[in-house]
Amino acid sequence: MTNSNPVSSNAYEYLDNVGPEEQARLEAVRRYRLVDQPVEDAYDRIAFVAGAIFDTPIATVSLVEQDRVWLAACQGLTGVREVGKEPGLCASVIAQDDVYVINNAATDPRTLEHPLVRGDLGLRFYAAAPIRTHDGYRLGTVNVIDNRPREATPRQLQALEHLASMVSDELELRLMVIRSAAAEQRMRETVS
């Protein structure tokens with residue numbers, strides 16, 4: 001029996017239909033080869049420190065992919081490695097250069113309908129600093145999350161920015177290792 005209602009060829013057009021700026025940003029995310037990889041200690045430590053500075057139960061280092069947010073590290077949520085890319089949280093942070101703060105997500109119009117706010121997690125406080133590469137791309141965030149409303153101090157927000165810069169530095173070191181390994185492989189292939 002044939003399907004009388006086949007999926008049209010443009011059913012997933014939203015995944016292919018990104019502008020040149022977003023395509024370049026996505027290529028920058030992917031060049032570090034961190035998405036879909038096991039948690040690395042460096043990013044896990046940064047998430048831990050972020051949570052300790054803010055005294056929040058949850059802190060993450062995230063990378064915003066095309067259709068999801070990949071948690072390169074996550075303190076306080078066991079077994080969670082990715083979340084949706086709904087606007088209001090990580091996906092909104094990468095659209096700006098500044099620290100992004102939601103003091104009470106239950107009343108903030110940017111997050112009222114977000115699943116993490118409306119769902120079991122009950123997210124109320126969210127603060128995030130964008131992770132910016134040395135060539136200017138915003139890849140993701142270092143963020144902290146609480147299930148109760150709260151305020152952040154300027155010093156805490158500055159610390160969050162520093163942690164995001166540290167992630168950027170770690171990513172550049174990672175890229176150097178990736179490029180060195182590729183150069184070594186090319187050299188081996190040339191000698192063989």
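**Exercise 1.** Which residue does the side chain of arginine 25 meet in a salt bridge?

*Solution.* Arginine 25 pairs with glutamate 22, at 2.8 Å from N to O. A salt bridge here is a side-chain nitrogen of Lys or Arg within 4 Å of a carboxyl oxygen of Asp or Glu. Next, look at position. The two residues sit three apart in helix α2 (residues 20-31), so about one helical turn separates them. Helices are DSSP runs of H or I, at least four residues; strands are runs of E, at least two; both are numbered from the N terminus.

Now the burial. Buried means under 20% relative accessible area, exposed over 50%, partly exposed in between (1.4 Å probe, protein chains only). Arginine 25 is buried at 6%. Glutamate 22 is partly exposed at 22%.

This is a predicted model: local features need pLDDT of at least 70, side-chain atom pairs count only at pLDDT 80 or more, and totals for chains, interfaces and linings use all residues. Residues are numbered from 1 along each chain as its sequence is written, and side-chain values use heavy atoms, with hydrogens and water left out.

**Exercise 2.** Is aspartate 146 buried or exposed?

*Solution.* Start with its partner. Aspartate 146 forms a salt bridge with arginine 150; their closest N and O atoms are 3.3 Å apart. Aspartate 146 has 5% relative accessibility, so the residue counts as buried. Arginine 150 is buried too, at 15%.

**Exercise 3.** How far apart are the closest N and O atoms of arginine 188 and glutamate 184?

*Solution.* They are 2.4 Å apart, in a salt bridge. Both residues lie in helix α6, four residues apart. Glutamate 184 is partly exposed at 41%.
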